[in-house]
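Please work through each task before consulting its solution.

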Amino acid sequence: MSITEIIEENKWGNCEEIQLSWIICNLAKSYGYSVSVLGGEDVWLDYVCFRYLKSHGVSPRYLITSHRNRRTEKEFDGIPCIDWDDYCKLGITDDFALVTRRCASDTAGSRLFYAARLIWHITKKRGTPRLMSEKSLDTVFKRWSYFTLPFLRIECGKMLEFAKQHTIELENLYDALEDDISKETLKAILYGIMNNTRFHYREYESAEKYFGSERDPIYRHLEDEVWLNCGAAMGDTIIRFAQSGLPFHKIYAYEGDPQIAKILTDNLSYLPQRFKENVIIKQEFLGADSHFEAMPTLINMDIEGAELDVLTSLKDLIEIHRPVCAICAYHKANDLIDIPDFFQNKISGVWHFYLRKYMSFDLNTLNEYVIYAVPEERTVNCKK
């Protein structure tokens, strides 16, 4: 499939977590029952639920919007909105219901947790929330199900809208990627987001993040590498680098959070003296006024969505010294486009782009993918 086909033919909700929702859809379609959606605070999740219903040929009857932040809504995606109390007065007896909510990482544990408590905040009266329990749901609806989605780092609704509006740019990114692994990785990322499913392609060990490996070298590593580690956190990436045995001249470890910087310092103190004496810890945020005794030849960034801003502040350094840049591209929907665009249109010279996905802390979380911008002279086969 092409990038455009993946975006245009997406089907929300193809995952095991919502099998009962699938059953309700098919009962409604086959036997003429109607389906209403109990909306929550997350508008994007209601939108996903509506797309799921419509993909199965079911048009919702109502969106029940009794959440205190959404009571004024009259229509949602072409479907009437109704308050819970007004809905109950209608005396509908043939409705099925889908209750939209997020789910925790541990889906089974999440179900048990929600089943054991009063779970649905329906309305407020006299300043006290009135809660709906599962038993209450049973008395109102013929049958109901939670519409649960695996948690994705980028909210699906936002990414879907972004992809629909920037399909041409994503196609251009696909063409600009250097190798087949990068191209297939991009397809798998978009497919996972568009179809609300897990990543189904090659994932690399976390230890290979930013540095590559012998079996998959992304750039030519220098004997005197000066690594600018932006977002050093607790030092896990530096420790993995130390274990790799790769040569280097100096490491600048930037961490702006003072509490985390203290942990970083403590953790790195256990490294061999010959290694840590060449690591400079900077308890500050990286910016245009940052000073380096040795100019960086390798830059990585994992800074929670500030990547493009920091790249922009380092424009002159990157322009002149042309370091390899390994930049996380999953914090914002537009990172996949804007980060390569920065190197293509704001920095001179020839750059080669690679995309790799690394193992995540949670199978349900689609993150940990990195865009590599490699200057021509640092490509694997270049002997300069």
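**Exercise 1.** Is Arg215 buried or exposed?

*Solution.* The model is predicted: local features need pLDDT of at least 70, side-chain atom pairs count only at pLDDT 80 or more, and totals for chains, interfaces and linings use all residues. Residues are numbered from 1 along each chain as its sequence is written, and side-chain values use heavy atoms, with hydrogens and water left out. Buried means under 20% relative accessible area, exposed over 50%, and partly exposed in between (1.4 Å probe, protein chains only). Arg215 has a relative accessible area of 57% and is therefore exposed.

**Exercise 2.** Describe the salt bridge between Arg61 and Asp95.

*Solution.* A salt bridge requires a side-chain nitrogen of Lys or Arg within 4 Å of a carboxyl oxygen of Asp or Glu. In this pair the closest N and O atoms are 3.8 Å apart. Arg61 lies in the loop between helix H3 (43–55) and strand S2 (63–64), and Asp95 in strand S5 (residues 95–102), so the bridge ties together parts 34 residues apart in sequence. Helices (H or I, at least four residues) and strands (E, at least two) are DSSP runs, numbered from the N terminus. Arg61 is partly exposed at 29% relative accessibility, whereas Asp95 is buried at 0%.

**Exercise 3.** Which residues of helix H8 (residues 167–176) are buried?

*Solution.* They are Thr167, Leu170, Glu171, Leu173 and Tyr174. Seen down the axis of H8, these residues fall within an arc of 155°, taken from the directions from the helix axis to the C-beta atoms. They therefore line one face of the helix. On the other side of H8, Ile168 and Asp175 are exposed.
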